[in-house]
2 protein chains.
Amino acid sequence: MKSTDIDTARQRTRDMLASAGIVLTQEESNTIEIADFGLGRLEEEGLEIVVYENNPRYCAKELVMFPRQTCSEHRHPPVGNDPGKTETFRVRKGHVWLYLEGTPTTPIRARVPEVSRSYYTVFHEIELTPGKQYTIPPNTLHWFQAGDDGAIVSEFSSTSRDEFDVFTDPRIRRVG
Amino acid sequence: MKSTDIDTARQRTRDMLASAGIVLTQEESNTIEIADFGLGRLEEEGLEIVVYENNPRYCAKELVMFPRQTCSEHRHPPVGNDPGKTETFRVRKGHVWLYLEGTPTTPIRARVPEVSRSYYTVFHEIELTPGKQYTIPPNTLHWFQAGDDGAIVSEFSSTSRDEFDVFTDPRIRRVG
């Protein structure tokens, strides 16, 4: 991504967090991760991330999603003795549709990104509104999309090793 | 504690969380833990707790502290193969003074609860304001007190087993 685009996305993320009363340190604010998964369509497929803590026992992040932004389908595979990341998404503000392996919901309420349609394969829908949360077991395919006003999601998890994530879309490059 | 006192403390906790824009489910709201540590002086020594998730890998809670309320000195000891709980406190709103083993700070800014003075033994002060956080290693003595406006603190940690906590004050009974 161009550094000006990263700057713009960071400022938008800061504004969304501030409007939810979430305070960052200066360093966190300066280093918000802007993840477009190497697809170059951040508004459609991507995620904004503040990592509060990631140690060998647990991890905590704040995820910010722009309106209708989608975190592309992926799973957290086993790595060495780790069975894969377990993660809990708790929506703080806005609206999120989460899709998992399981009985497909029809119709789903999210809009699958058109140019990536074939890389979305799981459609069991979970609706998350503020205060609602869901825990995803290790190695389980999932993707999620924010509603029309975007969303702020607290993620609590086992240790995060993003560089090992397996995305369904082979074009995706995830930097750790 | 008397059930009317618990109800009053729960309502006060709900009001503080709502004023910070933190949304609970109805079930979480109904079951906020009011911990007076069996001392019967909740306003002075105690803690209000919402457990979002506690599984065999990690734990996430919201801690609410009334003005100048103190969480009594304790440590999280090893339990079986677990080296003891590691925990990160991130202040969301208000002001917290955290005390740990290490070089004593003089003078400290918290007020040690007078009737329990001998059960406070560590005085290395860390000041936490909104956005600031601190990670406490396992089996490390610590206590903390909110400032004059109370505080809301997100706790991210390894699995929580409160019933094994070791308090310096032998009168304290902690129910898990």
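Chain A is superposed on chain B by a rotation of 180 degrees with 0.0 Å of shift along its axis (RMSD 0.0 Å). In chain A, the C-alpha nearest the axis belongs to A:Tyr58, 2.9 Å from it. Of the interface residues of chain A, 100% are also interface residues in chain B, so the copies meet through the same surface.

The model is predicted: local features need pLDDT of at least 70, side-chain atom pairs count only at pLDDT 80 or more, and totals for chains, interfaces and linings use all residues. Residues are numbered from 1 along each chain as its sequence is written, chains are lettered from A in the order in which they are written, and side-chain values use heavy atoms, without hydrogens and water.

Buried residues in H1(A) are A:Ala9, A:Arg10, A:Thr13, A:Met16 and A:Leu17 (buried is under 20% relative accessible area, exposed over 50%, partly exposed in between; 1.4 Å probe, protein chains only). They fall within an arc of 125 degrees seen down the axis of H1(A), so they line one face of the helix. The arc is taken from the directions from the helix axis to the C-beta atoms. These buried residues pack against helix H2 (26-30) and strands S1 (33-35), S2 (47-54), S3 (59-65) and S8 (142-157) of chain A (contact: heavy atoms within 4.5 Å). The face turned away from the buried side of H1(A) carries exposed A:Thr8, A:Ala18 and A:Ser19. A:Gly21 follows H1(A), with a positive phi near 75 degrees.

Note on methods
Helix = DSSP H or I, 4+ residues; strand = E, 2+ residues; numbered from the N terminus. Least-squares fit on C-alpha atoms with pLDDT ≥ 70 in both.
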